[in-house]
Amino acid sequence: MTIKVLAIDDSRTMRNMLNYALAGAGFEVTLAEDGQDGLEKLGNCDPDVVITDLNMPVMDGFGFIENVRGQSHWLGLPILILTTESAEELKAKARKMGATGWIVKPFDEEKLVAAIRRVAS
Amino acid sequence: MANGNDLLDTFYQECEDLLVAMDEGLRELSEGESDPETINAIFRAVHSIKGGAGAFDLTELVRFSHRFETLLDELRAGRMTAEEDLIEVLQFSGDHLGDLVTAARNGEESDTEATERNLGLINKFLGPEKSSDEEVEIEFEPVSFDFDLGLATGGAGRHAITFRPTRDVYQLGHEPFRILRELAELGTLEVTLDASEVPTLDDLDPEENYLSWSILLETESSDQAIQEVFEFVDGLCTLEIRPEGDAAEGAALDTTPFDLAAGSGVSAATTVEPVPAPVEVAAAPEAPVVSEPTGSEPAPPPAAAEAAQAADARDKQGKQKAKGSNASIRVDLERVDKLVNVVGELVIHQAMLFQALENMRLSSGSELATGLDELSQLSREIQESVMAIRAQQIKPLFQRMFRIVREAGAATGKKAVLETAGEMTEVDTAVIEKLADPLTHMIRNAVDHGLEAPDKRVQIGKAETGTIRLSAAHRSGRVAITIADDGAGINRPKVKSIAIEKGLIPADADLTDAEIDNLLFLPGFSTASEVSALSGRGVGMDVVKNAIQSLGGRVTISSRPNEGTSFLVSLPLTLAVLDGMVVEVAGHPMVIPITAIVETLKPPKQDFHGLDSSDWVLSVRGTYVPVVDVGAALGFRTAKDDPTNSVVIIIEDEESSRTALLVDGIQDQRQVVIKSLEENYGHIDGVAAATVFGDGRVALILDPSSLVEQISRVGDPSNGTRIAMEERHAATA
């Protein structure tokens, strides 16, 4: 079964690269530009995994996770954070809010794909 | 499928947008706007550039943007305030970031000296780059996963693993079963389930985990590979990985941070703090049963959720409108240009078809004629749509000028601010591109030559800081751009004496103020006697004028002593087509842009008033308008003795002054495709370009304002001077 990935990043470059890497790995990719956009697309694309940036306009990654985890339907949805940040307190905050994993940008294509396979159903 | 270059292109395109956003934010900051979202927007722009640069291994860009970002972060977190000196450093850093991006894009060596200098400025605020910063940079190595364990010993063999996930592991999107499956891929697996913690059914929360596993793994893979499998559950489980039969190594591994007890306070918090969501879930009908607690099969959303989604969709429509730019795509300019050309050909061919049918004398009500009418309407719509694609706001260009003013001010020791207006004015992309250089030069000039030194300004009661005003607007079918300073105005005696000195005008020339001002545009006129840090660049106003003329534009100058100088640049909206009135002049078809035309008349003789044998003015509803005989002006024939057998076309230029053009007759009105003459021929005063009609005839497109300007010069009393100037002009053309 094709793994469906929702990738959220405000940077067009990053979205492009994610799309390139993930679609290339055979995933079905939906792109969103910020947390709000991600939330709106969540229902339609029904992803197996979400990858999200943290610092974004309109709604940031934390806001996104908070919103998703607040909906019972998405409780078990794996959410990976893809960010340039690596501060421990941010990681802690993300985990507490319900993030599944943390990947530091720039990402290695193979490892990203492996990470998605690891958490995707 | 995209390739690496496409990705890189996107990155640079995005950088452009981000730099504009950053500049805008920095400008707002410098104007005293310190709202958190402004600072955050600057931060995000720099942050995104850093992120992309890291992905493409642009190390200097990463290093610099990282420090810049750190400084912004301090400001964002409120640990610093936006004082003037900090803002200055931020602006310099923004400029330098732009330079680094440009250098990287063009594959040039970046100015590392400038980077160091700028980092030095940043370090004044942040202190020297600390080792912790270096650590951060390591993360931009394209090896990116976040391992807390550096135990990469090659431990092939048998491993005993105890894996005890926390209660809430499912809720965070983890699935122990998948972890076991992944382990199985590494080698042979023997798994023992420990279900001793599972409570009675009454106490069981289907969302929670009560299971743990003992695993015996036989593998050739390294310890690191095994640990990687558990990467994301680090802190969410008690984990022990022990090489079987090697007690010493096992002891070392026992203390890995995977272990919950040894982990950070975070994991403790995770286990202690109740998660509110599962409480609701337990009541929900679609909660997964305990035997399959995966949470991976998304149940259909309940009606409420569907309704919420519908509302979301509605919201979204509204928001997309508000955001505007969101629903956009990027298209290669070449493709658009091709479309423009093809549509241009379409228009010409449609005109030909029309002509051919007319020659067949079809009745206007015939099916063919109606169909053709519809076709012409459609092709017109296509054309307008294509033009709209090419139109772009002038804002990014204006944004760049803030930096020019800053730099020019710093270089000349003058204080200057830039004020802009009409940034949303849309102009053809090609026009914007080609306008960058002349505009930059005019802005520099305005600071360098226009404004007085700060002490002088104070002396004469002006504000110490001079103002440069840059504005854009649509005016009579063209784009008018004004560059105005509030400086001393043109020093006319000085300009005149320089011109005489350089032999540009005779020593006894009697010139009007406007004529003196226009001397600035003469080739060879350079205010070399006041060479400053900027003016030594060897570009004169004549180059500016030529650049603007090559765009089908005009530049005029006006100046008032002590009030300042302003340049008005008038440009066509597009370089591709125009609506024109086809007129006949001395047996030649010519096109006058409709946008310039106010009205057409056939006035009676008594409305013409002769000034001398060939100069006329026309009385139009009580005002007198100068008359220009187009045929004579272009040298087709001598001026008419009797203007009454001509048709009069009243035109108005950007400055709203009117002129009556005499032509022999009006043929029709149509849209014509502009074919530049300048590429193959050169610039001719009074002629903007040429076009091809449907019947294959070539016609000149007139540039009414320059035609009028030319006539008023020829008819000038100081003809001798003028001719000298014309010759100079011709020599450079």
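1. A residue counts as buried under 20% relative accessible area, as exposed over 50%, and as partly exposed in between (1.4 Å probe, protein chains only). By that rule B:I649 is buried, because its relative accessible area is 0%.

2. The model is predicted, so local features need pLDDT of at least 70 and side-chain atom pairs count only at pLDDT 80 or more, while totals for chains, interfaces and linings use all residues. Residues are numbered from 1 along each chain as its sequence is written, chains are lettered from A and ligands numbered from 1 in the order in which they are written, and side-chain values use heavy atoms, with hydrogens and water left out.

3. B:I649 lies in strand β18 (residues 647-652) of chain B; strands (E, at least two residues) and helices (H or I, at least four) are DSSP runs, numbered from the N terminus. The C-alpha atom of B:I649 is 5.5 Å from that of B:A660, 11 residues away along the chain. Beyond its neighbours within four places in sequence, the contacts of B:I649 include B:M581, B:V583, B:I592, B:A660 and B:I666, a contact being heavy atoms within 4.5 Å.

4. B:E334 belongs to helix α13 (residues 333-359) of chain B. This residue counts as exposed because its relative accessibility is 63%.

5. Chain A holds 5 helices and 5 strands, which follow the pattern β-α-β-α-β-α-β-α-β-α along the sequence. Of its 121 residues, 63% count as buried. Among contacts in chain A between residues at least 6 apart in sequence, 64% join residues at least 24 apart.
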